[in-house]
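Trainee: Could we go through this entry together before I set up any calculations?
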Amino acid sequence: MRRKMLITLLLGLLFLGFNSTNVVAVKQPIIDRNYNGKTVEFDQEDLHYEILGYKVLSNPLPPSSDGDYNGLERYLVCTVKITNESSGKEASAEEVIAYDFMGWSGPNTLYAVRKPAHYENPEGTVTLETDSDSHNNSDTLKVSPGSSKTLSFFYIVYPDDNLNITVTGLSGTIENISLKRTNSNNGIVAD
Amino acid sequence: MTLKMKSAVFDKSVRIWFELYFVLVVIGTLLINRLPLLLDNRNPLYLFFWFVAMVIGCLKAIRVKLAVDSEYRAVEIVETRRGINLYLRNYWRPIYVPFKWLKIKQSDENNDFILSYDKAIQFRFGKALLVSGNQVEFSEKYFVFEEMSDIFDVIANLQKDPNVVIDYDKLNPVEKNVTKDKWRTAKFFPWILLGTSLVSVILTAIISDEFFSPSPYTLQMETSLNSPNYHRIYDYSKGMTISTNFYKFKILHAYKVQEADTDDDYIVLNINAKTASEYATISDGNFMSFDNWSMKAEKDSNEIDDANNNEDLVIKTHGRKKGVINMLRSGWDGSEGNDNYTFNVALKKASGRTDIVYAGFQAILSKSKHEDTSFVLKINPNDLEKI
């Protein structure tokens, strides 16, 4: 009787295990954070990241694109401050790559695009972009020990979507920062 | 003088065996049912599994029946009249218990005999081995009570006086056909269990098949169209779950909406997708609508609409124009970001039933290992929600 129960239990566990493996894929760890209107801060290895804020620009507008017949697309600009906190003998400059900062418009990943011509960054802010056309090496930036850099990233988004930015830090962990969640009671249009 | 019995351990162990067998077959069926994520066609596996299960079940039942039909010796008075031989399961050969070490008790509540011995002797390889004492219960469940009481009476008398006269006629009673009462159930019981287990297995298979993948069209349409089994066909119901190789989709809503300027009817599907593979990529290019899907129509690209035509759909809602939020456009990759997103897909509605296809691979080409399987969702206009 006891053996029978044990075997049944083990088989049950096997079944449970099987069930859960269906939906688990091997992935990098993800930390979810919410932008509360002030800043979001986190550390990865020697780098300290601060999401200073975001803005959906009503002007300038992005160039008209294929899918956007109704002209809904807007620029999203997100400002991030990165400080290299390493010190001492082994301190080294860290490289920040534009591909580590992905924008999200709803379920869609976005690469950082070039800064629009008629937009002025605040003093001291540098734009990183992944535009392959440009040859100005603006997709990477070195941050030397003890110093900090303020970066801006531009993405072309649909402003009514949920807006997120994911940052893959030095340690490989993905930080998923929710900038804005659209309220909707039916799931398809904003309230 | 021998007390005979049917295998005393038979009753319980067989029941346990068949219960386990039953549980195993059910679990096996459920496991196969969960396999479609890895396997495209499960039917041969089902048949093979049930065939093997049935063969195993029948073999066991036959063995049980043979065991029921044969007899076993349990107690035997040795010719010297100084002791008995006990045939126990724990020992390959009988053990000899002299009367001096033997005590017989009859339990009060039921007609069982308890035989306890302090020590016993086992003859092995020409040597006598001393075996430690134990007690054995002779239950009415397995022996005929009259036979038991007769032989234990004789043993009790012999214990007092080895020269007592034994009435042999009384000790060899007319063969009672025990199979008629107690053994009847035991004999048929494996067969009954086998029958019921098979029926319930088939029933669970049908029920769980319905439960995991409601697909009344599947067989008929697939076979008639000479398509590989990479398309699964579903009737839409709100909140249903559809699993492909790479995703677990939950169709949260299907809305009927009007485009703001043209008043054309569109269907907006509100879907939650959970990534199950690192190869998974998804975009609006995967979704299209048909007025009557067939494998040929998909191969010939006879769709009404592609979701990438409607990336910026603006609809009328309560007299106002609003853009649909969180539309699936360029989509995401299984290796980036979260593995769980809720999004919308908009497609032109057919006049009657609309068939919405998620094409995991291109129908004109054969599916590669790193491409997903497809599904067809048949949406009845009455099932569409309004905002």
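The chat below concerns chain B and where chain B touches chain A.

Trainee: What kind of model is this, and how are residues numbered?
Mentor: This is a predicted model, in which local features need pLDDT of at least 70, side-chain atom pairs count only at pLDDT 80 or more, and totals for chains, interfaces and linings use all residues. Residues are numbered from 1 along each chain as its sequence is written, while chains are lettered from A and ligands numbered from 1 in the order in which they are written.

Trainee: Which ipTM and pTM does the model score?
Mentor: The ipTM is 0.80 and the pTM is 0.58.

Trainee: And what is the average pLDDT of chain B?
Mentor: The average for chain B is 78, and 75% of the residues score at least 70; pLDDT is the predictor's confidence in each residue, from 0 to 100.

Trainee: Where does pLDDT stay under 50?
Mentor: Residues 173–182 of chain B are one such stretch, with 8 contacts beyond four places in sequence. Residues 210–227 of chain B are another, with 20 such contacts. Two residues are in contact if their C-beta atoms, placed from the backbone, lie within 7 Å.

Trainee: How many helices and strands does chain B have?
Mentor: Chain B has 7 helices and 20 strands. Helices (H or I, at least four residues) and strands (E, at least two) are DSSP runs, numbered from the N terminus.

Trainee: Which strand pairs with β5(B)?
Mentor: Strand β5 (residues 102–106) of chain B pairs with β6 (residues 113–124) of chain B in the antiparallel sense over 5 bridges; pairing requires that DSSP find at least two bridges between two strands. A hairpin through 6 residues joins β5(B) to β6(B), and Q106(B) has F113(B) as its bridge partner.

Trainee: Which residue takes a positive phi in the hairpin of β6(B) and β7(B)?
Mentor: F125(B) does, near 50°, in a hairpin with 2 residues between the strands. Strand β7 (residues 127–138) of chain B runs antiparallel to β6(B), with 11 bridges joining them, and R124(B) is bridged to K127(B).

Trainee: Changing topic, how many residues of chain B are in contact with chain A?
Mentor: On chain B there are 48, in contact with 38 residues of chain A. The largest share of that side of chain B, 8 residues, comes from α1(B).

Trainee: How do the residues on that side of chain B divide into nonpolar, polar and charged?
Mentor: There are 21 nonpolar, 15 polar and 12 charged residues. Ala, Val, Leu, Ile, Met, Phe, Trp, Tyr, Cys and Pro count as nonpolar, Asp, Glu, Lys and Arg as charged, and the others, Gly among them, as polar.
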